[in-house]
Amino acid sequence: MTDTSSKQKDADELFALSENALESGLLENDQANDVHDRMADLNHRWNGLNIDVIEREKRLVFVIMIVFCFRF
């Protein structure tokens, strides 16, 4: 998960910027709705990517353990 965790700060900053834009009241309703929808989708995809990375790491550790056990 090191690859995605190294980018978590960037993602958090992006989410904070979008939240500030929404809270500023400077966006038209259509723009605010578009930003909200895009950020919700991005957040959903980001979380899914993190879950995929965690699951992949678990599988890799499992395979390494199996290989290691059969070597000795």
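I began with Asp-41 and Arg-45, which both lie in helix 2, four residues apart, or about one turn of the helix; helices here (H or I, at least four residues) and strands (E, at least two) are DSSP runs, numbered from the N terminus. I noted that this is a predicted model, in which local features need pLDDT of at least 70 and side-chain atom pairs count only at pLDDT 80 or more, while totals for chains, interfaces and linings use all residues. Residues are numbered from 1 along each chain as its sequence is written, and side-chain values use heavy atoms, with hydrogens and water left out.

**Entry on the salt bridges**

I looked up how the side chains of Asp-41 and Arg-45 meet, and found a salt bridge of 3.2 Å, N to O; the term stands for a side-chain nitrogen of Lys or Arg within 4 Å of a carboxyl oxygen of Asp or Glu. Asp-41 is partly exposed, at a relative accessible area of 38%, whereas Arg-45 is exposed at 52%. For these words I kept the cut-offs at hand: buried is under 20% relative accessible area, exposed is over 50%, and partly exposed is in between, with a 1.4 Å probe and protein chains only.

How many salt bridges does a search of the whole structure find? It finds three, so I went on to the others, given that each needs a side-chain nitrogen of Lys or Arg within 4 Å of a carboxyl oxygen of Asp or Glu. Arg-38 and Asp-34 are joined by a salt bridge of 3.1 Å, N to O, and both lie in helix 2, four residues apart, about one turn of the helix. Arg-38 is exposed, with a relative accessible area of 57%, and Asp-34 counts as partly exposed at 36%.

Lys-58 forms a salt bridge with Glu-55, where the closest N and O atoms are 3.7 Å apart. This pair also lies in helix 2, with Lys-58 and Glu-55 three residues apart, about one turn of the helix. Glu-55 counts as partly exposed at 36% relative accessibility.

**Entry on the nonpolar patch**

Which residues make the nonpolar surface patch of about 520 Å²? I found Phe-62, Val-63, Ile-66, Val-67 and Phe-70. Patches are made of residues with over 30% relative accessible area and no salt bridge, like charges being joined within 9 Å and nonpolar side chains (Val, Leu, Ile, Met, Phe, Trp, Tyr) within 5 Å. Phe-70 lies in helix 2, which covers residues 29–71, and it counts as exposed because its relative accessibility is 72%. Phe-62 lies in helix 2 as well and is exposed, at 55%. From Phe-62 I also looked back to Val-35, which is 27 residues apart from it in sequence and 40 Å apart in space, C-alpha to C-alpha.

**Entry on the whole chain**

The secondary structure comes to two helices and zero strands. The radius of gyration is 19 Å, well over the 11 Å that the globule rule gives for 72 residues, so the chain is more spread out than a compact globule; the radius is taken over C-alpha atoms, and the rule is 2.2 Å times the number of residues to the power 0.38. Along the principal axes, the C-alpha atoms fill a box of roughly 65 × 20 × 10 Å. Of the 72 residues, 11% count as buried.

Definitions and conventions: Accessible areas come from the Shrake-Rupley method with a 1.4 Å probe; for residues, only the protein chains shown count as cover.
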